Amino acid sequence: MTGPPPARPGAASDGRDDADVITQSLDEPELFAGLYDRHAPDIHRYAARRLGEGAADDITAETFLIAFRTRGRYDTAHRLARPWLYGIAANLIGKHRRTEVRALKALARTGHDPVAASWSDRSDDRLTVQAPLAGALASLSPGDRHVLLLVAWADLGYQEVADALRIPLGTVRSRLNRARRKVRESLNTDPAFTSAEQELNPSWTN
């Protein structure tokens with residue numbers, strides 16, 4: 001697979017929510033493809049920003065393989081499966097944390113890196129602007145980085161992050177506050193602070 005998987009038209013308009021699809025797929029496994037159609041592009045984009053395009057292909061495929069194999073344990077009280085899927089992806093990304101940190105440090109040092117360059121279709125100039133942010137993200141602990149980027153890049157709410165990572169809501173808040181503080185402190189020492197903070201998300205400081 002190359003690039004993010006396309007969503008099939010109408011996949012989210014058949015009247016079934018994620019929990020319905022997962023439940024029905026226990027008897028009709030082929031229906032699980034509907035969950036892939038709905039969420040694989042977003043999972044792929046998130047993984048690509050974290051680890052690069054090539055790794056994102058593997059992360060996305062393995063995320064949905066694990067989801068399929070463990071779907072019988074899914075809590076159908078959660079009608080939307082996004083937090084569950086992002087949690088699986090985050091766990092897989094965590095196994096590549098050395099690769100991620102190495103890429104972030106390289107980008108912070110040089111303004112360009114083969115892995116980081118595949119995060120998006122931005123120009124080299126835009127990647128150079130990202131350099132101070134990359135250094136700030138590399139300095140975070142894995143747990144803090146997961147929480148910050150699930151909020152900023154995956155657009156998950158606090159409770160969704162708690163569900164995804166299987167941690168208390170209070171832990172999400174404390175990790176997020178600590179991550180924001182550390183990133184602000186790092187970026188405030190760089191003249192590109194204003195531009196770099198916007199690379200996370202316009203509302204990442206809320």
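## The nonpolar core

The largest nonpolar core in this predicted model has 53 residues. A nonpolar core here is a set of buried Ala, Val, Leu, Ile, Met, Phe, Trp, Tyr and Cys residues joined through side-chain atoms within 4.5 Å; buried means under 20% relative accessible area, exposed over 50% and partly exposed in between, with a 1.4 Å probe and protein chains only. Leu 35, Tyr 46, Trp 84, Leu 85, Leu 137, Leu 150 and Val 161 have the most contacts inside this core. Helix 4 (residues 82–94) gives the most to it, with eight residues. Helices are DSSP runs of H or I with at least four residues, numbered from the N terminus.

Setting aside neighbours within four places in sequence, Leu 150 is in contact (heavy atoms within 4.5 Å) with Tyr 46, Tyr 86, Asp 155, Leu 156, Val 161 and Leu 165.

## Aromatic pairs

The whole structure holds four aromatic pairs. Rings of Phe, Tyr and Trp (its six-membered ring) pair if their centres lie within 6.5 Å; planes under 30 degrees apart count as stacked, over 60 as edge-to-face and the rest as tilted. One of the pairs is Tyr 46 with Tyr 86, edge-to-face at 5.5 Å centre to centre and 85° between the planes. This pair links helix 2 to helix 4, its partners being 40 residues apart, and both tyrosines are buried.

Tyr 74 and Trp 84 form a tilted pair, with 4.8 Å between centres and 55° between planes. Tyr 74 sits in the loop between helix 3 and helix 4, ten residues from Trp 84 in helix 4. Tyr 74 counts as buried because its relative accessibility is 11%; Trp 84, at 15%, is buried too.

Helix 3 (residues 53–69) has 17 residues, so at 1.5 Å a residue it should span 24 Å; its end C-alpha atoms are 25 Å apart, which agrees. The expected span is 1.5 Å times one less than the number of residues. The buried residues of helix 3, including Ile 59 and Phe 64, pack against helix 2 and helix 4.

## Arginines over rings

Arg 49, in helix 2 (residues 33–51), lies over the face of Trp 153, at 4.1 Å from the ring centre. A charge sits over a ring if NZ of Lys or CZ of Arg is within 6 Å of the ring centre and within 35 degrees of the ring normal. Arg 49 counts as buried, at 19% relative accessibility. Likewise, the charged end of Arg 71 sits over the ring of Phe 68, 3.9 Å from its centre.

## Reading the values

Residues are numbered from 1 along each chain as its sequence is written, and side-chain values use heavy atoms, leaving out hydrogens and water. In this predicted model, local features need pLDDT of at least 70 and side-chain atom pairs count only at pLDDT 80 or more, while totals for chains, interfaces and linings use all residues.

Notes: Helices (H or I, at least four residues) and strands (E, at least two) are DSSP runs, numbered from the N terminus.
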